[in-house]
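Here is a walk through a two-chain model, taken one piece at a time.

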Amino acid sequence: MTDEIDQALDKKYEAGFVTDIESDTFEPGLNESVIRRLSKLKNDPEWLLEWRLSAYNTWLKMEMPDWANLGIDEIDYQAISYYSAPKSMKDKPQSLDEVDPELIRTYEKLGIPLHEQERLAGVAVDIVFDSVSVVTTFRDKLAEAGVIFCPISEAIEKYPDMVKKYLGSVVPRGDNFFSALNSAMFTDGSFVYIPKGVKCPMELSTYFRINELNTGQFERTLIIADEGSELSYLEGCTAPQRDENQLHAAVVELVALDDSKIKYSTVQNWYPGDENGKGGIYNFVTKRGIAHTNSRISWTQVETGSAVTWKYPSCILKGDNSVGEFYSVALTRGCQQADTGTKMIHLGKNTRSTIIAKGISAGRSNNAYRGLVKMGPKAENARNFTECDSLLIGDKCGAHTYPYIESRNPTAIVEHEATTSKVSDEQMFLCQQRGLDPEKAVSMIVNGFCKEVFKELPMEFAVEAGKLLEISLEGSVG
Amino acid sequence: MVNMLSIKNLHAGIEEKNILKGLDLTINPGEVHAIMGPNGAGKSTLGYVLSGRDGYEVTEGEATLNGQDLLDMEIEERAVAGLFLAFQYPVEIPGVSNMVFMKESVNAARIARGQEEYTAGEFLKLAKEACKQVQLPLDFLKRGVNEGFSGGEKKRNEIMQMILLQPSICFLDETDSGLDVDALKTVADGVNSQRSPERSFVVVTHYQRLLDYIKPDFVHILADGKIIKSGDASLALKIENEGYGFLGLNYVEEKA
Ligand SMILES: Nc1ncnc2c1ncn2[C@@H]1O[C@H](COP(=O)(O)OP(=O)(O)OP(=O)(O)O)[C@@H](O)[C@H]1O
Ligand SMILES: [Mg+2]
């Protein structure tokens, strides 16, 4: 039976094609002059250049952390190109009609039509291709509600005060090795501001694509929800199938001011490498939000791609009564490694957090949940509930759970539950006896296991995530 | 006429252990056959071997369904060809709604038969009816497959699946075990409602009581991997009264 499941898992990566397009790409390597060159190209204000250089100097003194025990080949940071953009983007296309049709075709192939009339009504999207934002849809409609949704490069130019105030305020430059690297070299990303009391009229989303060979993607997302506002934001990612590993080191910062709500959902499908572990994206991402009084931050993630995933979307529950949530599905197969989880830092009174993490391991992959729940001395009556469930498919994979708890307030309550289960022969047999083929059977069982998380995703995304799991589990059955 | 199910000299086992040792059984369309026999005789094994469960190996003999070589088919091919197994111990699939599970199953069979898939709306109607028929509350359609169901509810759920799948041969493995008196009647009514000249049943049971409700055309005794005696409904009564002892050592082999 295990063989059959393995075969069923022998998946195709459907987003693995390369777009043939001329690009301006930096020579590989990182030093001060590369940073100056990037900064000039991006028309950075002086303060931002200084900001980048100081991050770079911090980074130079840091070492790549090894505490997660991940099997990663040493990364040569001088062999990576830190910037690449389609040549056609040089003239800054003002509308979709001016965008290179080859780029538009790329997104059509990925199932993301860029023309507004073809888009799912109600989802605005910012498209980031390698190091630049290509197009942002529905901007006029959003502007009517006072919502700002644009590439971060543009925000730096148009809303410098806001960017200056919040950039690095949640994830400081020197927070960790990769946040320092990102702060030095971030090329583009999305910026969102929701004004006071506004409920964002549509879902916002960013779709990241790495295309160019030997290029890293270092994007930065900054989302600010002003008092009493609400938004739901989605993020998706893919990359071509290549034998070389590629680096993706993003930083996402969320600021939820008093009484606001931010829901941030990710479907991560970077190229995972082949079944022997050759190629694939190294996904080292720092995501963190700060929640002020009575606000709520929800992270939902479905992680199926990348050779190595290393991310811990976190919440700093600073304000009283603030709420943090983390719902995660991480699926690893082949030789993929995922070390993911969250940090819930309870600082305010009556703060609440919920963590539901589902890890699915197949093939020879390794899947770890790593989470920290910290109750500060002032976190009176704070509560956390954590549930970590692991599902094993086959007997060559691994699942690990590392829950760390630090409590400095005796009135705070932390609850933790963990389970490990297998896709059993009996379940497979029942499904097949009812006429389902083994692929369908595995994907149905896995979908059932993930149900609690999928129900947190926005509607269209839940369907997409289900399909993604199905594709991830798809393959030829003998 | 082609036999619905024809089993000849079937030898099968698991991990070197021979369990079925030359079993013969022929079932025609519309017939109900009851199989009784001591614990460990190989009744469930027969169901598993016919449906193609992994780990069970056929060493000799043959089995055909409507003339097709059953033993050569994948599990799911046998299923969509019309073979249904109601499990002695139904397994749970947490988080997968019963409704979705049954809809996918029924549509798999429809696709195999070249019919249009049911839409969600069409299927919902059918599912509600089937649910009422086995007297389960409608929220059982939304619950995870067998998730937290009581023993009796699981058995009713099996019958609900059978009603929806409309198989041509149903192998019911101790579907009566663990049922209260009313549930027994419900399950039996469910089965009887599905009896038709085109559909056949193999009913594995330890109790003649079930056969008061589901009247069998034939009763077989399976012991030590073989059908050692076949007869009509009166055979079940005899077993109820006398146990298997009367079969002793020097039983006479008979064929249906
Ligand atoms: N996986 C296995 N490994 C070894 N022996 C097995 C295995 N599965 C079944 N058997 C044995 O095969 C024999 C037949 O089992 P089976 O379940 O078919 O009996 P049964 O007639 O259905 O009994 P019951 O009336 O108790 O349900 C038993 O002796 C059982 O222990
Ligand atoms: Mg049995």
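Which strands of chain B does helix α1 of chain B lie across? Helix α1 (residues 43–51) of chain B lies across β1, β2 and β4 of chain B, at about 105° to β1(B). Helices (H or I, at least four residues) and strands (E, at least two) are DSSP runs, numbered from the N terminus. Angles like this one run from 0 to 180 degrees between N-to-C directions, with axes as lines fitted to C-alpha atoms, for helices over the stretch in contact.

Before going on, some ground rules: this is a predicted model, where local features need pLDDT of at least 70 and side-chain atom pairs count only at pLDDT 80 or more, while totals for chains, interfaces and linings use all residues. Residues are numbered from 1 along each chain as its sequence is written, chains are lettered from A and ligands numbered from 1 in the order in which they are written, and side-chain values use heavy atoms, with hydrogens and water left out.

Now look at the sheet that goes with that helix. In chain B, 4 strands make an open sheet in the order β2-β1-β4-β5, with antiparallel pairing. The edges are β2 (17–27) and β5 (68–69) of chain B, each with a single partner strand, so one side of each has no neighbour in the sheet. Two strands count as paired if DSSP finds at least two bridges between them. Inside the sheet, β1 (residues 5–14) and β4 (residues 56–65) of chain B are joined in the antiparallel sense by 8 bridges. To find your place there, pick His11(B), whose bridge partner in β4(B) is Glu60(B).

Chain B also has an open sheet of 6 strands, ordered β6-β9-β10-β3-β11-β12, and here the pairing is mixed. Its edge strands are β6 (83–86) and β12 (226–231) of chain B, each of which pairs on one side only. On average, neighbouring strands in this sheet are turned by 20° against each other, direction ignored.

Helix α5 (residues 151–165) of chain B touches β6, β9 and β10 (200–204) of chain B, and its direction makes about 165° with that of β6(B). Helix α8 (residues 233–242) of chain B touches β3 (32–36), β11 (218–223) and β12 of chain B, at about 50° to the direction of β11(B).

While you're at helix α5 of chain B, find Lys154(B) in it. Is Lys154(B) buried or exposed? Lys154(B) counts as buried because its relative accessibility is 16%; buried means under 20% relative accessible area, exposed over 50%, and partly exposed in between (1.4 Å probe, protein chains only). Leaving aside neighbours within four places in sequence, Lys154(B) is in contact (heavy atoms within 4.5 Å) with Pro90(B), Glu92(B), Asn146(B) and Phe149(B).

Over to chain A, which has 12 helices and 24 strands. Of its 478 residues, 63% are buried. β16(A) runs parallel to β13 (residues 280–291) of chain A, joined by 4 bridges, with Arg288(A) as the bridge partner of Ser314(A). β16(A) also pairs in the parallel sense with β19 (residues 343–346) of chain A over 3 bridges, where Leu317(A) stands opposite His346(A).

Finally, see where the chains meet. Here 20 residues of chain A are in contact with 30 residues of chain B. Together the chains bury about 2100 Å², 64% of it on carbon and sulfur atoms; buried area is the accessible area (1.4 Å probe) that two parts lose on being put together, summed over both. On the chain A side, Phe429(A), Gln433(A) and Arg434(A) lose the most area to chain B, together 36% of what that side buries. There are 3 salt bridges between the chains, a salt bridge being a side-chain nitrogen of Lys or Arg within 4 Å of a carboxyl oxygen of Asp or Glu. One of them links Glu158(B) and Arg434(A), with the closest N and O atoms 2.8 Å apart.
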